[in-house]
Amino acid sequence: MRIAIIGTGYVGLVVGTCFAENGNRITCVDLDEDKIKGLKNGVIPIYEPGLKELIARNMEEGRLSFTTDTAEAVKNSKVCFIAVGTPPGDDGSADLTYVLNVAREIAKSMDGYRVIVTKSTVPVGTNHLVRDTVAELTDHPFDIVSNPEFLKEGAAIDDFMKPDRVVIGSDSEKASAIMQELYAPFVRTGKPILCMDPLSAEMTKYAANSMLATRISFMNEIASLCEAVGADVNEVRKGIGTDARIGFPFLFAGAGYGGSCFPKDVRALMMTAKQHGLSMDIIEAVENVNAAQKRLMFEKVEKHYDGDLAGKHFALWGLAFKPKTDDMREAPSIVIANELVERGATVTAFDPEANAEARRHIGDKISYAKDALTALEGADALILITEWNEFRHVDPAEIKSRLKEPIIFDGRNIWNSANMREHGFVYYGIGTR
Ligand code: NAD
């Protein structure tokens with residue numbers, strides 16, 4: 001199938017590449033000329049495990065190409081995906097400017113029937129808005145499909161190639177059939193393609209992300225109570241995760257969730273509710289708990305030093321909002337780095353992939369080390385914010401020998417507190433003893 005993917009960001013690039021890998025002819029479009037030029041020359045704008053090799057193979061075999069020319073891509077494609085950003089507007093609701101711009105561009109370039117698919121995460125009702133926007137500008141027939149994306153950064157290719165389910169929201173049997181044909185190779189293991197109406201498909205995406213964010217904030221709240229009463233959240237997690245009704249995923253206490261999806265989607269859902277005269281009390285609490293959680297590691301550091309952080313120097317391990325990505329959007333590391341610097345401390349940070357991206361978000365008010373051990377040299381303490389596996393492999397003796405004082409603030413509970421104390425560390429975790 002010939003497909004245009006309009007918006008070659010995290011989602012567009014992964015989706016386009018994976019469709020190409022399954023034999024489709026894909027044109028990925030982006031407004032950003034540098035990005036497209038780079039991609040044509042093998043420069044991948046994001047870090048995502050396995051993506052570089054997959055792009056190279058599919059380009060070489062002629063199934064994947066990149067362009068800034070939307071009109072040309074739409075002319076050559078039966079299915080046109082909209083995969084542009086839907087960032088939060090000033091009031092927290094999703095900004096649909098980019099989505100509707102693309103809808104207009106598709107409408108103006110169509111020369112026959114097209115399936116127009118919204119891959120971007122959009123508020124309930126947006127697909128009807130896209131339909132009306134396109135209909136105003138073309139007489140050619142088309143169908144609209146809502147096809148929300150559930151991939152996780154860091155495991156994006158696996159998630160897309162082997163999805164738990166595919167959601168297709170459409171009122172058209174014809175478009176639904178085309179989408180089912182396109183996704184058939186991805187669900188050979190028997191995972192379902194769920195066909196539903198567009199409103200329910202749009203809501204499914206927000207409900208999924210809000211549920212996952214709820215689990216995280218719930219565990220973070222339990223962790224604080226564990227700390228207060230002397231329980232250990234790691235034990236409690238095992239105790240409840242083994243309950244089949246609960247399960248293990250998304251039960252880790254930590255320094256708060258970030259990224260381009262949970263924070264913005266939770267806020268956008270609240271705005272949708274507000275526009276319909278409803279309040280979402282649980283979701284509002286999820287957001288408030290997370291905002292407090294992002295400050296928690298800073299507060300632990302502040303408490304340890306009795307509020308006197310001036311002149312202290314900290315090593316910060318992990319900057320990306322989670323491991324295996326360089327995405328810094330809404331990362332908890334930004335909050336803690338800014339707080340420390342504001343209070344007169346200095347910071348040397350290291351992230352295996354996100355140093356450059358972090359510089360764009362935090363700037364030069366902190367310095368960036370070339371590796372994890374260098375970041376530790378002469379620091380008063382180590383603060384860990386992102387649980388990259390390579391941090392788990394460092395010998396505690398190596399850490400101790402480089403720090404001025406053996407103090408660790410572990411924002412992801414990657415170390416065992418008893419072990420670290422045996423190694424002579426003053427150890428602070430989240431919700432642990
Ligand atoms: P992104 O910001 O990485 O990429 C968006 C791209 O669209 C940019 O490269 C931008 O230049 C391009 N663009 C904007 N207007 C354009 C236009 N008119 N024509 C062509 N290109 C244009 O965004 P993303 O992280 O890929 O997210 C895209 C959507 O997918 C969002 O709605 C997001 O919520 C959703 N989503 C993201 C993830 C994720 O993990 N990142 C997961 C699921 C869903």
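The structure is a predicted model. Its secondary structure comprises 18 helices and 14 strands. Along the principal axes, the C-alpha trace extends over about 70 × 50 × 40 Å. A compact globule of 433 residues would have a radius of gyration near 22 Å, and the value of 23 Å found for the protein therefore agrees with that expectation. Of the 433 residues, 54% count as buried. Among contacts with a separation of 6 or more, 73% are made by residues 24 or more positions apart.

The domain assignment divides the protein into domain 1 (2-196), domain 2 (205-292) and domain 3 (294-428). Between the C-alpha centres of domain 1 and domain 2 there is a distance of 29 Å. The contact of these two domains draws on 15 residues from domain 1 and 11 residues from domain 2.

The largest cavity contains about 40 Å³ of space. Its lining is formed by T118, S120, T121, V122, N127, S146, P148, A201, E202 and K205. Helix α9 (residues 198-229) provides the largest share of that lining, with 3 residues. Sorted by class, the lining of the largest cavity consists of 5 polar, 3 nonpolar and 2 charged residues.

The second largest cavity has a volume of about 30 Å³. The residues in question are T86, P88, G92, A94, Y206, K264, D265 and A268. Helix α11 (residues 262-275) makes the greatest contribution to this lining, with 3 residues. The class count for the second largest cavity is 4 nonpolar, 2 polar and 2 charged residues.

Open space is represented here by the second largest pocket, whose volume is about 220 Å³. The residues lining this pocket are E227, L296, E299, K300, K303, H304, R421, Y427, Y428, G429, T432 and R433. Two elements, α12 (281-304) and β14 (426-428), each supply at least two residues of the lining. Of the elements involved, α12 gives the most, with 5 residues. By class, the pocket lining has 6 charged, 3 nonpolar and 3 polar residues.

A358 belongs to helix α14 (residues 355-362). Is A358 buried or exposed? Its relative accessibility is 0%, and residues under 20% count as buried, so A358 is buried. Beyond its neighbours within four places in sequence, A358 is in contact with L319, M328, G363 and Y368. A358 and D380 are 22 residues apart along the chain, and their C-alpha atoms are separated by 22 Å.

In summary, the radius of gyration of the protein, 23 Å, agrees with that of a compact globule.

Terms used. Residues numbered from 1 in each chain as written. Predicted model: local features only at pLDDT ≥ 70, side-chain atom pairs only at ≥ 80, totals over all residues. Heavy atoms only, no water. 1 Å grid on protein atoms, 1.4 Å probe; cavity = no way out; pocket = protein on both sides within 12 Å on 5 of 7 lines; lining within 4 Å. Points joined across faces, edges and corners; volume = space filled by probe spheres on them. Helix = DSSP H or I, 4+ residues; strand = E, 2+ residues; numbered from the N terminus. Nonpolar A, V, L, I, M, F, W, Y, C, P; charged D, E, K, R; others polar. Rg over C-alpha atoms; globule rule 2.2 N^0.38 Å. Buried < 20%, exposed > 50% of the residue type's maximum accessible area, 1.4 Å probe, protein only. Contact = heavy atoms within 4.5 Å. Domains from an automatic or database assignment.
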